[in-house]
Amino acid sequence: MATTEMCPMKLEPTLSFTQGLIVGQISVVLLIAAFIKFFIFGDAPSPEITATIRAAERRSRTLAHRQSLLTLRSTTPNSTDRQQQPTLNKKKSSILRSPPTLTIGSILNKTYYNVDSHQPESLDWFNVLIAQTIAQFRSDAQQDDAILSSLTKALNGTSRPDFLDEIKVTELTLGEDFPIFSNCRIIPVDEDGLSLNTGRPGGSSGEKRFDANSHRAKQEGSRLQARMDVDLSDMITLALETKILLNYPKRLTAVLPVALAVSVVRFSGTLSISFIPSNQSQSTPTMMTFSFLDDYRLDFSVRSLVGSRSRLQDVPKIAQLVESRLHRWFDERAVEPRFQEIALPSLWPRKKNTRGGDDPLDGSGSSGSGSAGKGKGREIAKELKLEEARRELRAETAAGVRHELNPPETLRYRRARGRGDGSEGSFSMPGSLPDMALNLPT
């Protein structure tokens, strides 16, 4: 009895080893099938929902950045109490009169621009100039393969991962339409890019409007910013093909061909442009900054093809990953609070930048001043070359006629002088003194 209580009976397994193996394999297959169905081939959300979610994320990021700036300002002293950087005391000219201190308020007053009541501009003339520039860029791209070579070099740079083979560009379309700029308005902003204009045209009487003579318009670092709406509906396509390399457990264990085509279908947003004045103490030139507000809309069309024999076409998950990566790339470079900064050259007129008119084309003038435009300059140069060739031809023809009429006096063709004038046998010795003749028998 005691032995039975100390050694309980051993329970037999309900499933054999083979049955457990089969159940495990079926579970793995079901998990893989569910992953492929819902994760890879699952229906992508509609573009409207995706755009709304991304816009909300960008807006929250912008508000967080603005709140951090306001918090930093409240915890730091005023700008007048900040420690100024030491500047170099340069001797100023006593002839050139110093202009009065220029502020955004004085600029607005002298240009008669009221930021609260001025109507937005259509920018039709600007659209024509931009269209001509883009058309010339597309035409130049067709002449050589510079843009194709640059893209191939950039895609196959050091940032290319090891599991990707060489990336080849199979299609490049620069589009046919042009961006349309409209609704341009001027907004005063501070040094951090925050708007100083809290009023809105047609708003309630309790709103605070911007005063060009106020202290805010005269504070250091404030500037004027131009904001304009941009809309582009086109088909700008870049198609690539490469191979995914599986290098485990050994190199080139498997190779998976992949083809990808990405097209920009539409872009709409608000572009902000402003100028940062030069700083002589820090030797910084005048800068132009531009960025896009967080309310932009960027739509892509992504087509994919995976495999060599059994091909998977237009996988939704691949499209989502590509779109997400492109949006993040754009946000990190040109969407507020980030911006692009370009140094501007000097705008003073210079002789070397002069074109047109009656400038000489032989290079006697300053560098670059001898052309009168690309097309006209070539025509004038060609006419000058033809005229010079005609003059040389006429000179050679005239010289040939003179040569036939008056052959050169050489020792071989020298004639006896004095024959026929009554002096027989009288010759002149070359190099002899005048009035000395040799009387030789003839």
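**Close-up views of a predicted chain**

**Figure 1. Overview of the chain.** Residues 24 or more positions apart account for 67% of the contacts in the chain with a separation of 6 or more, a contact being heavy atoms within 4.5 Å. The model is predicted: local features need pLDDT of at least 70, side-chain atom pairs count only at pLDDT 80 or more, and totals for chains, interfaces and linings use all residues. Residues are numbered from 1 along each chain as its sequence is written, and side-chain values use heavy atoms, with hydrogens and water left out. The chain has 8 helices and 10 strands, which are DSSP runs numbered from the N terminus (helices H or I, at least four residues; strands E, at least two). Of its 442 residues, 21% count as buried; buried means under 20% relative accessible area, exposed over 50%, and partly exposed in between (1.4 Å probe, protein chains only). The accessible surface comes to about 33,800 Å², and carbon and sulfur atoms hold 58% of that area (Shrake-Rupley method, 1.4 Å probe; for residues, only the protein chains shown count as cover).

**Figure 2. Helix H7 and its cover.** H7 (316–334) has 19 residues and spans 27 Å from its first C-alpha to its last, close to the 27 Å expected at 1.5 Å a residue. The expected span is 1.5 Å times one less than the number of residues. Buried in H7 are Ala319, Val322, Glu323, His327, Phe330, Asp331 and Ala334. These residues lie on the same side of H7, because they cover an arc of only 165° around the axis; the arc is that of the directions from the helix axis to the C-beta atoms. Their cover includes helix H3 (47–75) and strands E4 (254–276), E5 (287–292) and E6 (297–306).

**Figure 3. The largest nonpolar core.** This core has 19 residues, and Met228 and Phe330 have the most contacts inside it. A nonpolar core is a set of buried Ala, Val, Leu, Ile, Met, Phe, Trp, Tyr and Cys residues joined through side-chain atoms within 4.5 Å. At least two residues of the core come from each of E2, E3 (223–246), E4, E6 and H7. H7 gives the most, with 4 residues. Apart from this core lies another, of 6 residues, among them Ile104, Val115, Leu196 and Phe210. Beyond four places in sequence, methionine 228 touches residues including Leu123, Phe181, Asn183, Thr270 and Ile273.

**Figure 4. Threonine 270 in strand E4.** Threonine 270 lies in strand E4 and counts as buried, because its relative accessibility is 6%. The side chain of threonine 270 makes a polar contact with that of aspartate 229 at 3.5 Å. A polar contact is a pair of N or O atoms within 3.5 Å; within protein, one must be able to donate a hydrogen and the other to accept it, and residues adjacent in sequence count only if both atoms are side-chain atoms. Leaving aside neighbours within four places in sequence, threonine 270 is also in contact with residues including Arg185, Met228, Ser291 and Phe292.

**Figure 5. Backbone exceptions.** Most residues other than glycine have a negative phi, and most peptide bonds are trans. Asparagine 183, in strand E2 (residues 180–189), has a positive phi of about 55° and is partly exposed, with a relative accessible area of 28%. Aspartate 314, in the loop between strand E7 (312–313) and H7, has a phi near 55°. Aspartate 314 is partly exposed at 37%. The peptide bond from glutamate 336 to proline 337 is cis, with omega near 10°. Proline 337 is found in the loop between H7 and strand E8 (340–343).
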